[in-house]
Amino acid sequence: MLLQFTTTPPLHQQLSGFPSFTQPRRLNYRKHSISCSISQIHSYGTVDYERRPPVKWNAVYRRISLMGNPEMGAGSVLNQWENEGKRLTKWELCRVVKELRKFKRFKMALEVSCSWVYEWMNNRGERFRLSSSDAAIQLDLIAKVCGVSSAEDYFLRLPDTLKDNRVYGALLNAYARVKMRDKAELLIEKMRNKGYATASLPFNVMMTLYMNLKELDKVQSVVSEMMNKNIQLDIYSYNIWLSSCESTERMEQVFEQMKLERTINPNWTTFSTMATMYIKLGQFEKAEDCLKKVESRVTGRDRMPYHYLISLYGSIGNKEEVYRVWNIYKSNFPNIPNLGYHALICSLVKVGDFEGAEKIYEEWLSIKSSYDPRIGNLLLGWYVKEASLEKTEGFLDHMIEAGGKPNSTTWEILADGNIGEKKISDALSCFQKAVLAEGSNSWKPRPVNVSAFLDLCNEEADTASKEALMGLLRQVGCLEDEPYASLFSLHNGSVTGNELSMKKDTTVADNDMAKNEDEDDGDEMLLNQFQGSL
């Protein structure tokens with residue numbers, strides 16, 4: 001049967017359901033439509049494959065990642081490749097998927113991975129099988145692109161023969177990623193009963209979940225369970241455990257225990273975690289010692305350690321080290337991603353080198369492929385604090401002219417500026433635009449800004465604006481988020497900001513990208529471990 005890739009609608013279109021594995025023709029996820037297959041996929045090592053020279057997977061990857069119109073989908077690139085008389089193996093497709101996942105191109109990765117799923121569903125012979133490893137990676141991508149509900153649908157429709165510890169682990173990670181504690185706890189209990197919780201990975205996932213929920217005592221409970229069951233803690237387990245420590249004394253005790261493990265070598269993440277704790281407690285000398293150890297453990301083509309080094313040296317206030325690491329970074333990598341520029345500009349703002357921050361921003365403008373508002377937000381936040389509101393709004397106009405699309409944080413920064421100028425109506429308008437901005441689903445206004453707005457409303461006796469903001473808080477789910485709502489006092493359904501006292505020691509933009517980077521890095525750390533187990 002000749003199966004062709006089809007050009008698919010954008011992934012923002014609504015989808016419903018997931019087809020049965022018995023008569024598949026098109027994958028329709030709950031939210032996103034992805035239709036793709038491939039006509040000539042051959043198992044690694046088959047006779048057909050050996051007749052042909054090996055295809056370089058990175059050539060396919062480059063075509064997909066650099067395609068001019070991403071809305072056409074990865075299928076169009078694979079179709080073109082086939083039309084040129086080239087055949088792709090499952091191994092090559094898997095390698096392309098791995099690289100796309102590495103750079104968080106999840107939609108494209110899912111489109112490519114669909115190709116071998118289609119081939120398996122239409123050709124069930126021995127020559128091409130869908131393994132539980134394939135199903136686990138597919139489930140992970142569906143969760144990222146289409147949502148957990150679609151991943152659950154996929155899981156339920158999988159044959160029982162494919163549902164092993166890897167597939168269960170992928171679903172557990174999907175729950176943990178979106179902080180679905182109840183479902184995650186039910187699933188890991190089921191994994192215990194099935195004998196699938198005998199290695200460190202599912203416990204690492206649960207520890208990460210509890211870390212993200214700020215339930216640090218439960219991290220220790222998971223560690224205790226692992227020790228009681230003689231489940232070996234690995235480098236990921238120890239790094240998460242270190243992150244959960246609330247004192248340097250406890251952290252150092254965990255580190256000493258870690259050093260006793262002959263099979264574990266502390267990595268750069270270990271020392272960046274410890275440096276972060278020392279910085280938080282003002283122990284800069286110990287922090288710098290850890291940062292030197294981070295640098296000595298940077299290997300290969302891993303860019304992430306440089307981002308952490310630049311950011312942490314900025315937190316210490318060591319401008320010279322910030323620039324030194326940046327120059328090493330640039331000498332090792334010809335192309336620096338937006339995350340790198342974000343880390344540097346953020347650090348330069350922290351150390352008060354505003355001229356340097358503007359200079360690096362201009363450098364980024366000259367080489368950027370598209371405008372990332374998270375970088376512009378760093379300077380925008382600085383202008384709110386150090387310059388006039390007029391200059392701030394002028395920089396916003398520049399961002400838009402340069403191709404930027406203001407995000408929720410952009411508007412919150414402007415709301416902060418208007419609150420400072422006592423412009424209630426304009427500040428409320430900015431909050432409203434923040435809610436409507438693209439990608440605002442996970443956005444919540446910083447409590448310190450909400451408090452300042454409510455206090456201003458109290459000063460001006462503007463009850464209508466106060467209630468309007470409360471409506472926005474309800475709309476984005478803030479009042480249903482107990483830890484967030486606990487920062488405010490609720491009286492008869494109204495929010496007041498009088499009881500909230502938080503030090504305003506950073507701009508809104510400081511954590512705009514860094515928070516996402518930390519969460520993604522933790523998620524990818526687990527995925528790397530997960531993928532290694534496959």
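Q: How many salt bridges are there?
A: The count comes to 19 salt bridges. A salt bridge here is a side-chain nitrogen of Lys or Arg within 4 Å of a carboxyl oxygen of Asp or Glu. This is a predicted model, where local features need pLDDT of at least 70, side-chain atom pairs count only at pLDDT 80 or more, and totals for chains, interfaces and linings use all residues. Residues are numbered from 1 along each chain as its sequence is written, and side-chain values use heavy atoms, with hydrogens and water left out.

Q: Start with E215. Which residue does E215 form a salt bridge with?
A: R181. The closest N and O atoms are 2.2 Å apart.

Q: Where do E215 and R181 lie?
A: R181 is in helix α9 (residues 181-194), and E215 is in the loop between α10 (200-212) and α11 (216-228). The pair therefore ties together parts that are 34 residues apart in sequence. Helices are DSSP runs of H or I with at least four residues, strands are E runs of at least two, and both are numbered from the N terminus.

Q: And E215, buried or exposed?
A: Buried, with a relative accessible area of 17% for E215. Buried means under 20% relative accessible area, exposed over 50%, and partly exposed in between, using a 1.4 Å probe and protein chains only. R181 counts as partly exposed at 30%.

Q: What about K293 and D289, how do their side chains meet?
A: In a salt bridge, at 3.6 Å from N to O. K293 and D289 are four residues apart in helix α15 (residues 284-296), so about one helical turn separates them. K293 is partly exposed at 31%. D289 is partly exposed too, at 39%.

Q: Which residues do shared partners join into one network?
A: R181, E185, E215 and K218 are joined by salt bridges that share partners.

Q: Back to single pairs. What does E256 form with K259?
A: A salt bridge, with the closest N and O atoms of E256 and K259 3.1 Å apart. Both sit in helix α13 (residues 248-259), three residues apart, so the separation is about one helical turn. E256 is partly exposed at 42%, and K259 is partly exposed at 44%.

Q: Switching to the core. Which residues touch the most other members of the largest nonpolar core?
A: I345, Y361 and F453, out of 143 residues. A nonpolar core is a set of buried Ala, Val, Leu, Ile, Met, Phe, Trp, Tyr and Cys residues joined through side-chain atoms within 4.5 Å.

Q: Which helix gives this core its largest share?
A: Helix α6 (residues 132-146), with nine residues.

Q: What is I345 in contact with?
A: Leaving aside neighbours within four places in sequence, I345 contacts A357, I360, Y361, I375, L378 and L379. Contact means heavy atoms within 4.5 Å.

Q: Now the helix pair α22 and α24. At what angle do their axes cross?
A: Roughly 35°, with the axes of α22 (residues 408-420) and α24 (residues 447-460) coming within 10 Å. Axes are lines fitted to C-alpha atoms, for helices over the stretch in contact, and angles run from 0 to 180 degrees between N-to-C directions.

Q: Which residues meet there?
A: E412, D416 and I419 in α22 meet N449, A452, F453 and L456 in α24.

Q: Last one, L436. Where does L436 lie?
A: In helix α23 (residues 424-436). L436 counts as exposed, at 70% relative accessibility. The C-alpha atoms of L436 and S408 are separated by 7.8 Å, though the two are 28 residues apart along the chain.
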